[in-house]
Amino acid sequence: NTGEAFTMSPGAGSYLIVDGVGKGDPNGKGALLARALERTGADVRLIASDAMPADLLGFQSHDLVILQNVPADAVSEESQHALAAHVRDMGGGLIMVGGPYSFGSGGWAGTPIEPMLPVRLDLAERLVERRTAIVLVLDGSGSMSSPVGGSFKSQQEIANAAAAAAARSLGSTDLVGVIRFSSSATWVRELGPNDDTDATTEAIQSISSGGGTNIPPALVMAGDALRDVKAAVKHIIVLSDGRSSGEAVLPELCQRLADEGINVSTISVGDAADTQTMFAMAQRGGGVHYPVTNPNVLPRVFVRAVRLVRDPLIKEGEFIPVALPTGSPALTGLEEIRPLEGLVLTRFREEPTVTNALATPEGEPVLSHWSAGLGRVAAFTSDASTWAAPWLRWSGYDVFWSQLARLTARPPAGRGFELTTDIETGRLRIRLSAFDSQGEPIDGLLTPAVVYAPDGTKVNITLEQVAPGEYAGSAPAMQSGNYIAVIKPRNGTKALPPVLGGATQASSIEYRALRSNTALLERIATVTGGKVLAFDSVSAADLYNRERIEPRLAESSLWRVLLVLSIITMLLDVATRRIAWDRYLMFRRPALAQASERSAHQTLGLLRRATAKRKTPKRSAAQVESDAKQLAIEARRRRQEARLREVQSNNEQEDANTAQQPEPSEEPESGLLAAKRRARERFEQDR
């Protein structure tokens, strides 16, 4: 039996640095920023990108998260959503530090983090020319419809989502096209500017599965489209999960495309994919082969493939940042700013709430920060190690990063607030107590709250004031796992620090109550005639002692059941006696009656044929006539003998009756005697 729970305690939160420079190595270049913050007294934790928390609870102990040269494909989609919620709804801080794999060149466009950044990742025509043209060649054969283990999605659905995410990571000035191939190849989205990502995504999501696998025609179509395009980078990315027709010509075809300046990368999905041919295609085509055995990681791989082939949106060369007159607290006390040696190209976000602190002499953002929901987000488009090499020898390095971290990090939780949470009967019950510095209750607060379920969904509720300084509310909590509640109190127009809490819904219903249900046990004992034993005073022998338990008799009336059975039996008996079931069945089954009639006719016909076939001796006409006369004489003799026997029997009966009766008077002859007399006369005449 297992259970889980969590608690939130006050205290100084730490800084979490996700290191994309040294992969979390404490002795690598990525640790330079961590050591600078530690020298200012901060509690810093350095991790690699694959160790990022995947849920809200994992971020709660960190007041600030710093993404240092981290590409988007190195962070799972779950972690991205959790980080966005941590900043927006829970007041956490976020700093994105530049590098070759950060911001737009790291594929962060189209992610949940992009809208929170104080700079824009899509570049205007004046900043970057149309330099990348990519055609995505996607497998739409029947094998792509197979489901992926551990999910309800098919390989086709995951591949479509991955291609859509890759298209969203491209800039609006890039060229993108999509080809679907099965037995034949068709354009899903013809090659053109990526200025309508919604239309591109919709077109990709419409790809369905069916047919065989035939890659060569799709490669020819993609090559023809890219051949005359003016772009610095021309690339084809092929995704397939099977073995293609004409596989022998694929490496040579990719070689010809590479000779024309069109590179080919490949992604093989699943165990049944032809990885050998796909690897040869990428090798001859000047690209990279990505074998993917688990389709669930395909979106990250696809974005990585696009990011690596796309010309990085970076600008290298020494420049001196210009401090803009916005009064940013991050630059307090820094009179002289040292040069930097590179940055990632971004654009200013035209929002009045954004503070643009540093820029290049050409007017490109270097440092910007603003509020995003309850948290604060900063963007430093240069880095903290390689491009910032001149800063490492500058005394202002530690000061700058310390001030920027304190400006962005989540402030300490507000005092005077106490939050209690409990899960009961499938609902999370929340109660907030609010007091001022003198201990007086604070009334009239606006207390909106957000409750995060274990699956990441959220429910917005509002706590109602139920007593002086007391606010309460509830939300459904039927799933198993941790529920996080974020209260965002406001006193009029003034926003107060958020208050966090939560509770755990046990996986089994028996763990959801932390005390015995004594009332229910006593009721069971009373209703059933049992007894309640005190656990601390009962012995093992008493558990089976039945002396004080009286036998109980349970009676059930059966007359209604028996009455119904009797009526049914009577009706069946009447039906059996009064209904001609044989005629009914013959009527209901005319086929059976017809079959019986046919059988009878067939039997009669057989008998007639057998009689006809019987051989008889031939006789003359005289013999036949003599036999006929003899038969007539014999028949007449038998009739006379029968009539004689009848007359004798009648006479004997008449004599017997006469002997028993007195002599009758002279009366006319009765009808019976007359009939007897006439019978004797006819008999005599026949003789």
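Predicted model: local features only at pLDDT ≥ 70, side-chain atom pairs only at ≥ 80, totals over all residues.
The chain holds 17 helices and 28 strands. Of its 687 residues, 41% are buried. When contacts with a separation of 6 or more are considered, 70% of them join residues 24 or more positions apart.

Two pairs of helices are worth a look in turn. In the pair formed by α4 (residues 155-169) and α5 (residues 197-205), the axes come within 9 Å and cross at roughly 165 degrees. The two helices are therefore roughly antiparallel, as this angle is over 145 degrees. The crossing of α4 and α5 is right-handed. On the α4 side, the residues that meet α5 are N160, A161, A163, A164, A167 and R168, and their partners in α5 are T197, T200, T201, I204 and Q205. Sorted by class, this contact has 5 nonpolar, 5 polar and 1 charged residues.

The second pair consists of α6 (residues 216-227) and α7 (residues 250-259), which pack at an angle of about 0 degrees with their axes 11 Å apart. Such an angle makes α6 roughly parallel to α7. Helix α6 contributes P216, L219, V220, G223 and R227 to the contact, while α7 contributes L250, L253, C254 and L257. Here the classes are 7 nonpolar, 1 polar and 1 charged residues. An α-helix has 3.6 residues a turn, so residues three or four places apart point the same way.

From its first C-alpha to its last, α11 reaches 18 Å, close to the 18 Å expected at 1.5 Å a residue.

Most residues other than glycine have a negative phi. K23, although not a glycine, has a positive phi of about 55 degrees, and F103, also not a glycine, has a positive phi of about 50 degrees. K23 lies in the loop between β1 (14-19) and α1 (31-39), whereas F103 lies in the loop between β4 (93-97) and β5 (119-120). Is each of these residues buried or exposed? K23 counts as exposed because its relative accessibility is 58%, while F103 counts as buried because its relative accessibility is 0%.

Notes
Residues numbered from 1 in each chain as written. Heavy atoms only, no water. Axes fitted to C-alpha atoms, helices over the stretch in contact; angles between N-to-C directions. Helix = DSSP H or I, 4+ residues; strand = E, 2+ residues; numbered from the N terminus. Parallel < 35°, antiparallel > 145°, perpendicular 65-115°, else oblique. Contact = heavy atoms within 4.5 Å. Nonpolar A, V, L, I, M, F, W, Y, C, P; charged D, E, K, R; others polar. Expected span 1.5 Å × (residues − 1). Left-handed = near helix turned anticlockwise from the far one by under 90°. Buried < 20%, exposed > 50% of the residue type's maximum accessible area, 1.4 Å probe, protein only.
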